[in-house]
Amino acid sequence: MVKSFITNNPALNITAVGFGQAGSRIVDVFAKYTTAAGEQTYNCLALNSNNGDLKELRFIDPDNRISLNLGGLGKNPEKAIKILDHDVKVQATMHNFINKKLGTKDDLVLFVAGLGGGTGTSTIVKAIEDFHDMHNKPKIKKVLEAMINKFGLDKYKENQVEFNKKALAIAEENFIKLGVIACLPLRNDGPDVLRQVNKFATKIWGLANDVTKSISFVMFPDNQFFYDAFKSLPQVKKEQFDNYRDYANYEIASTFHEINTAATQGGTSVVMDSQDLKRALTEHKGCLVLSKQELSSSVIEGSSDVTKLFKKAIESSNMHEPVQLTDGDTVTKVHHVGLLAALDSKKDYGNGGFIESATEHLHEMLPINGTVFSGYVQEKNEGMVTAYSFYKADVLPGRLSKGLVEEYNEFIERNKQINFASASIESIDSKADDDFDLSLDDLGLSDLLKSNEPTKEKESKADLTAALNDFDFTF
Ligand SMILES: Nc1nc2c(ncn2[C@@H]2O[C@H](COP(=O)(O)OP(=O)(O)OP(=O)(O)O)[C@@H](O)[C@H]2O)c(=O)[nH]1
Ligand SMILES: [Mg+2]
């Protein structure tokens, strides 16, 4: 028995890139999915620092795997990133590989890694920065160039921030959207891993919140959460996986995939279609909170039981502990929300009334700023009723916002050997304009501002042409 909708074409065409061993193994699960026509659903790539780890992958096309030939980077991302910073050849190899292999019709590029190792953690950060420079920065530059040509350099100099913001807003329409999946480590990986993960997660979260970048979401699946859940799985379910990591990888990829293929099914009175899912996942920014709750259809009596399942989904996450959206008087912004159900086709669950009830509950629960997209499919679903919910919010799993620091401190207390080096991610709020860090310098157009002499239109055009010619599009 299978979920029949998972062979649908996906709502979002995705290239998934796995960095390091955890990232590659998660992407290998994405690579397993095929459409009804027998083609791989996703364009899947794997990047690692040595050949050995790439060999154990099963579904990613060998042509889509690359080794940076650096040996292991020794579970030390700080050291690894220093190596990468200085190795122009490796940077170029990564850059060429990823960009040459991107799908032409991608709605989303997904970067995946487990935080804590040397390779995945360092290369994913570099690749995020590179991706923006390569694909989206030139688009901003092109729009800004046209605006400066139209309104003149003097006008630009008077209203730089407004011009930059406008250029960004226009260019953004054509950005290639990036999603990031970064797994949190086990508590027992030890204090140094926790400290380094905190540092790099802060960096990724900073990039994700930078309004000039194109990161649509970051998801932080928590290995500790999966480890604990795996231990208490019923024996029959546990036996389907070799270990908690395989379970984690399956949960991450399958939840994402099921939502992405259910959205192209249609055929019921309330439908979430491809465009809805695209908007829900790619508009706005933030942490993606993904949830799935499932029960055998034999214990679901009718519509109100489906609503209950939705309520449970909304209040939880199947990637990490539930997030905290309110804290005293402060409430976290929630953007678009998706509610999607897959109902085993044999039973009558009414005509989608459960969606309205679930939406009502959602508004009571969450401070929603965006749109609620909802729908259900009635298909073969392994005899189950499944409720998926997902939203993006300015929130982090508790283990990341405070927990890693606490765990680190506990280690230190116990060991009394290492001094606490704070890499806290606790204060993440920032004003919108403070985030807005786009300048001519960024775009390689800083020469435009050098001249203090009054600019006649003709001269400014000459300046501009020279500066734009100098702009370095290559890596
Ligand atoms: N979810 C999940 N986590 C994994 C898997 N394999 C390793 N991890 C975890 O992911 C983090 C990074 O480990 P790796 O991916 O092995 O490290 P790497 O990126 O290859 O880096 P180095 O080998 O140190 O160069 C650690 O916390 C591991 O425990 C996996 O298959 N799934
Ligand atoms: Mg490795």
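Predicted model: local features only at pLDDT ≥ 70, side-chain atom pairs only at ≥ 80, totals over all residues.
1. Setting aside neighbours within four places in sequence, Ile-14 is in contact with Tyr-42, Asp-106, Asp-107, Leu-108 and Leu-110. Ile-14 belongs to strand S1, which covers residues 14-19. Is Ile-14 buried or exposed? Ile-14 counts as buried because 23 C-beta neighbours lie inside 10 Å, and the cut-off for "buried" is 20 or more.

2. Now follow S1 across to strand S4. The two strands run parallel and are joined by five bridges. If you want a spot to look at on screen, find Gly-18, which stands opposite Val-112 in S4. On to another partner of S4: strand S5 (residues 178-183) is also parallel to S4, with six bridges between them. Here, Phe-111 stands opposite Val-180 in S5.

3. Why can we call S4 (residues 108-114) largely enclosed by the rest of the structure? Because seven of its seven residues are buried. As a rule, side chains in a regular strand alternate between the two faces of the sheet. In S4, Leu-108, Leu-110, Val-112 and Gly-114 point one way, while Val-109, Phe-111 and Ala-113 point the other way. Both sets are buried.

4. In soluble globular proteins, nonpolar side chains tend to be buried together. The largest nonpolar core here has 109 residues, and Phe-111, Ala-182 and Val-218 have the most contacts inside it. Which helix gives the most to this core? That is helix H8 (residues 191-209), with eight residues. The core also takes at least three residues from each of domain 1 (11-262 + 399-475) and domain 2 (286-395). Another core, of nine residues, lies apart from this one, and includes Leu-144, Tyr-156, Phe-163 and Ala-171.

5. Have a closer look at Ala-182. Not counting residues up to four places away in sequence, Ala-182 touches Ala-113, Leu-115, Ile-124, Ala-201, Ile-204, Val-218 and Phe-220.

6. What about ligand 1? There are 22 residues around ligand 1, and Gly-20, Ala-22, Gly-114, Gly-117 and Gly-120 come nearest. Helix H1 (20-32), helix H5 (118-151) and helix H11 (244-262) each supply at least two residues of this shell. H1 has the largest share, four residues. By type, the shell divides into five nonpolar, 13 polar and four charged residues.

7. Most residues other than glycine have a negative phi. Asn-69, however, has a positive phi, near 50°. Asn-69 lies in the loop between strand S3 (65-67) and helix H3 (77-86), and counts as exposed because there are 11 C-beta neighbours inside 10 Å. Glu-382 is not a glycine either, and its phi is positive too, about 55°. You will find Glu-382 in the loop between strand S11 (372-379) and strand S12 (384-393). With 14 other C-beta atoms within 10 Å, Glu-382 is partly exposed.

8. Finally, zoom out to the whole protein chain. The secondary structure comes to 17 helices and 12 strands. Of the 475 residues, 44% are buried. Among contacts with a separation of 6 or more, 81% are between residues 24 or more positions apart.

Terms used. Residues numbered from 1 in each chain as written. Chains lettered and ligands numbered in written order. Core = buried A, V, L, I, M, F, W, Y, C linked by C-beta atoms within 7 Å. Buried ≥ 20, exposed ≤ 12 C-beta atoms within 10 Å, placed from the backbone. Domains from an automatic or database assignment. Contact = placed C-beta atoms within 7 Å. Near = placed C-beta within 6 Å. Nonpolar A, V, L, I, M, F, W, Y, C, P; charged D, E, K, R; others polar. Pairing = 2+ DSSP bridges.
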